[in-house]
Structure formats: C-alpha cells, structure tokens
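Let's take a walk through this protein together. Have the sequence and the 3D view handy, and we'll go step by step.

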Amino acid sequence: MGGTEQNYVKEAFDTNWVAPLGPNVNGFEHDLETYLNQNVFIGALSSGTAAIHLGLIILGVKAGDEVICQSMTFSASANPIKYQGATPVFIDSESETWNMCPKALEAAIIDCIAKGKKPKAIIAVHLYGMPFNAATILAVANKYQIPVVEDSAEALGSKYKGQKCGTLGDIGVLSFNGNKIITTSGGGALVAKTKKIKDKAVFFATQSRDNAPHYQHSEIGYNYRMSNIVAGIGRGQMEVLDEHIALRRAMHDFYANYFKDIKGVTVLTEPNTDYFSNHWLSAILVNPEQTDGKTREDLRLALDAANIESRPLWKPMHLQPIFANDPYYGGTISESLFQNGLCLPSGSNLTREDRDRIKAALDAFFKG
Ligand SMILES: *Cc1c(COP(=O)(O)O)cnc(C)c1O
C-alpha cells in the first residue's frame with residue numbers, strides 16, 4: 001500500500017457510501033481513464049474475470065460459439081468462454097513475447113471458417129506485462145473482422161508503440177487482484193471504446209435492471225460491480241502505480257544484468273523499442289543444454305532451499321485437464337516455455353538485502 005488508500009476508505013465510511021457505487025467508484029474510473037489517456041470509458045468491476053465475462057457477453061458470445069484464446073495464460077482468461085457455453089480454441093505462443101503467435105492465430109481462424117464456425121472473439125494476453133505483438137495480431141483480427149478482448153490484467157502501465165495496454169483491443173480488461181501491479185484486494189475493470197459499451201457493461205454488472213420504478217428485467221444480470229470501499233483503495237493505489245512500475249522494471253534490470261554472464265539463461269525482455277513492459281513479473285528460461293544439465297526445476301528447488309520463492313510459468317491451457325478436449329493450434333513453444341521457464345521474486349517491496357540474498361543463492365547455484 002502507498003499510504004493514502006485509507007483516507008479514501010475513511011471518506012467512504014464517513015459519508016456512508018458503503019455500497020457498490022459512490023464517489024470512489026466514479027473517482028477510480030476517472031483516474032484510470034486519465035491514466036490510459038486514450039478517450040476510453042472505464043467500468044469498475046468486482047474482478048478481471050468479470051470484465052472478460054462481460055466483454056464476451058457484449059460481443060455476443062453464446063453457447064456453441066468458438067472463441068480464440070492464448071493458451072499460455074492464467075485460467076481466468078479462458079474460463080469465461082466456458083461460462084458462456086462456448087468452445088475455447090487455444091493458440092500457441094511466439095518465442096519473442098511468449099504471447100499469442102500470429103501465424104498459429106491465422107491458421108486457426110482459417111480452419112474454423114472452413115468448418116463453418118467463424119470465431120466470435122479473440123482473447124489475447126499481455127503475459128507478465130509484456131505486450132503481445134499488437135500490430136500483427138490486430139491486423140489478423142481486422143482481416144477477418146473478429147473483435148479482440150485484450151486481457152491486460154497483468155499489464156497496467158505497459159505500452160505498445162507508446163499506447164497504453166488495455167486500450168489496444170476492442171474491449172480491454174484490467175485486474176486489481178492482490179497479486180497484480182496495483183491492488184484493491186480484489187477488483188477489475190472493463191475498458192470500453194464508447195460510453196454506450198461502458199454503460200452496457202455496468203448494466204449487466206448491476207443485475208440488468210430495466211428502466212422502471214419496480215424491478216424489471218429483460219436480460220440475465222450479474223452482480224459484478226466494484227464496491228465503493230474497494231474503489232477507495234484503488235484511488236490511493238493510482239498514486240503509486242508509476243513508482244511500482246519503476247520498481248518492477250528495476251528488478252527486471254537486476255536480473256537482466258545478472259544473467260547476461262550466465263550461459264543458457266535468458267530473461268524475458270522487450271524484443272525492440274515498440275514494446276514497454278511494466279515487468280510485473282521477471283521471468284527466465286533455463287536451457288539445460290547450455291547449463292551443464294541444470295534445469296529450471298533444479299534452480300527452483302535450490303532457491304526454495306534458501307527460502308526464496310520462485311514459480312514455474314503459467315501452464316498452457318491446452319495442457320490443462322479441464323481443457324483437454326478443446327482444439328489447439330500451433331507447435332510446442334508454449335509447452336517448452338512451461339518446461340523451462342521460471343518466475344523470479346519481482347515484488348515492488350524487495351529491499352537491497354533481498355536482492356543480495358537472491359544474488360547469493362543464484363551464485364551458489366550457477367557458480368558454486
Ligand atoms: C489475474 C488475471 C486475470 C483475472 O483477474 P482477476 O481480477 O483475478 O479475476 C485474468 N487474466 C490474467 C492473465 C490474469 O493474470
């Protein structure tokens with residue numbers, strides 16, 4: 001926490017705005033709109049997952065439809081496809097960004113169309129804060145006229161060609177879950193390009209109440225709106241967002257600098273200056289063929305023995321038991337990323353002593 005969050009929360013208590021609406025909700029939405037700086041309209045919601053779900057509903061995804069989704073991601077990107085009774089079509093990664101491979105994407109679209117089922121939407125993800133190859137992915141989406149849900153849950157503050165992530169797709173998704181670059185404890189937002197779409201999202205998120213004095217419903221509703229208490233935390237967090245990004249990027253630089261001398265280890269880094277990552281998490285690949293057989297699992301266990309937590313990358317969705325019967329397009333890039341990848345300590349609150357400890361453990365493992 002930055003320090004001012006409690007002031008906004010106290011104000012909510014003092015003025016009795018303890019509800020899923022109020023000045024903090026409006027203020028947080030306004031702060032995010034100003035930050036993203038792209039004439040977007042924000043609907044603050046209870047989670048990023050809710051934002052993906054409402055995004056799919058607004059795009060008309062229904063039972064029996066197909067929705068394309070990056071395989072290498074957190075399950076929350078894909079689950080809302082199933083909420084709608086639709087089928088996810090998973091796509092491999094490219095090695096540059098670890099995100100959706102544009103070639104596999106186009107192959108999947110062509111195949112789906114040949115089978116008479118044009119996908120209703122594409123869910124592309126900026127993994128670990130690294131923007132996906134937006135120019136190419138959006139060009140493919142545009143060529144086939146398929147809308148893009150931009151899962152920017154991990155990428156608030158990242159940019160592609162100078163434009164903030166979350167504003168690149170037809171509908172953007174942000175998350176403020178406890179583990180994200182800023183947090184409201186739990187929360188999310190839908191980023192809309194028009195006020196009409198934002199209003200539609202808020203309508204669905206507040207139980208789809210028709211305009212009538214009594215409770216009247218013509219559509220299925222959801223209880224997905226953000227609470228005014230939670231939004232108060234968000235307003236305070238906005239004041240430290242850029243500081244958090246600077247700290248995360250400094251952790252990335254620390255690892256990039258450390259590993260430049262270690263053969264067989266690569267750090268996930270922007271491919272060129274079109275990309276600006278918030279480096280939410282710093283992640284590496286360990287190639288055992290170049291490290292005298294040392295694997296990422298050996299490294300994970302060595303760090304664990306030194307009481308330093310690290311974690312394998314997201315396990316691709318097409319390898320998850322729950323999605324085993326859903327279609328997949330591409331090769332083995334995401335699978336090998338999962339095999340050899342590791343997320344390293346990346347928090348905004350790591351101290352110099354913490355870094356020294358991490359460095360000592362890495363030295364012992366690679367040089368000891
Ligand atoms: C965290 C996350 C989500 C879901 O956000 P919640 O606010 O936790 O529901 C979706 N996609 C990705 C890639 C995430 O990391």
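What follows looks at the domains, the contact between them, the ligand site and some charged pairs.

Keep in mind that you're looking at a predicted model. Where the two meet, domain 1 brings 47 residues to the contact and domain 2 brings 39.

How much area do domain 1 and domain 2 bury between them? It comes to about 3800 Å², and 64% of that is on carbon and sulfur atoms. On the domain 1 side, look for Trp-98, Tyr-128 and Ile-181: together they supply 22% of the area that domain 1 buries against domain 2, more than any other three residues.

Now for the polar side of this interface. Between domain 1 and domain 2 there are 27 residue pairs in polar contact, counting pairs with both residues at pLDDT 80 or more. Which elements give two or more residues to the side of domain 1 that touches domain 2? They are helix 4 (79–83), strand 3 (87–91), helix 5 (102–114) and strand 6 (159–160). Strand 3 gives the largest share, with 5 residues. Sorted by class, that side of domain 1 has 23 nonpolar, 14 polar and 10 charged residues.

Side chains of opposite charge can pair when their charged atoms come close. Across the interface of domain 1 and domain 2, the rule finds 1 salt bridge. Elsewhere in your tour, find Asp-326 and Lys-82, which form a salt bridge with their closest N and O atoms 3.0 Å apart.

Last stop: the ligand. It is surrounded by 15 residues, and the closest are Thr-49, Asp-151, Glu-154, Ser-175 and Lys-180. Zoom in on Asp-151, where a polar side-chain atom lies 2.7 Å from a nitrogen atom of the ligand. Glu-154 also places a polar side-chain atom by the ligand, 2.5 Å from an oxygen atom. Gly-187 takes part through its backbone instead: an N or O atom there lies 3.5 Å from an oxygen atom of the ligand.

Terms used: Residues are numbered from 1 along each chain as its sequence is written. This is a predicted model: local features need pLDDT of at least 70, side-chain atom pairs count only at pLDDT 80 or more; totals for chains, interfaces and linings use all residues. Side-chain values use heavy atoms; hydrogens and water are left out. Contact means heavy atoms within 4.5 Å. Buried area is the accessible area (1.4 Å probe) that two parts lose on being put together, summed over both. A salt bridge is a side-chain nitrogen of Lys or Arg within 4 Å of a carboxyl oxygen of Asp or Glu. A polar contact is a pair of N or O atoms within 3.5 Å; within protein, one must be able to donate a hydrogen and the other to accept it, and residues adjacent in sequence count only if both atoms are side-chain atoms. Helices (H or I, at least four residues) and strands (E, at least two) are DSSP runs, numbered from the N terminus. Ala, Val, Leu, Ile, Met, Phe, Trp, Tyr, Cys and Pro count as nonpolar, Asp, Glu, Lys and Arg as charged, and the others, Gly among them, as polar. A residue is near a molecule or strand if one of its heavy atoms lies within 4 Å of it.
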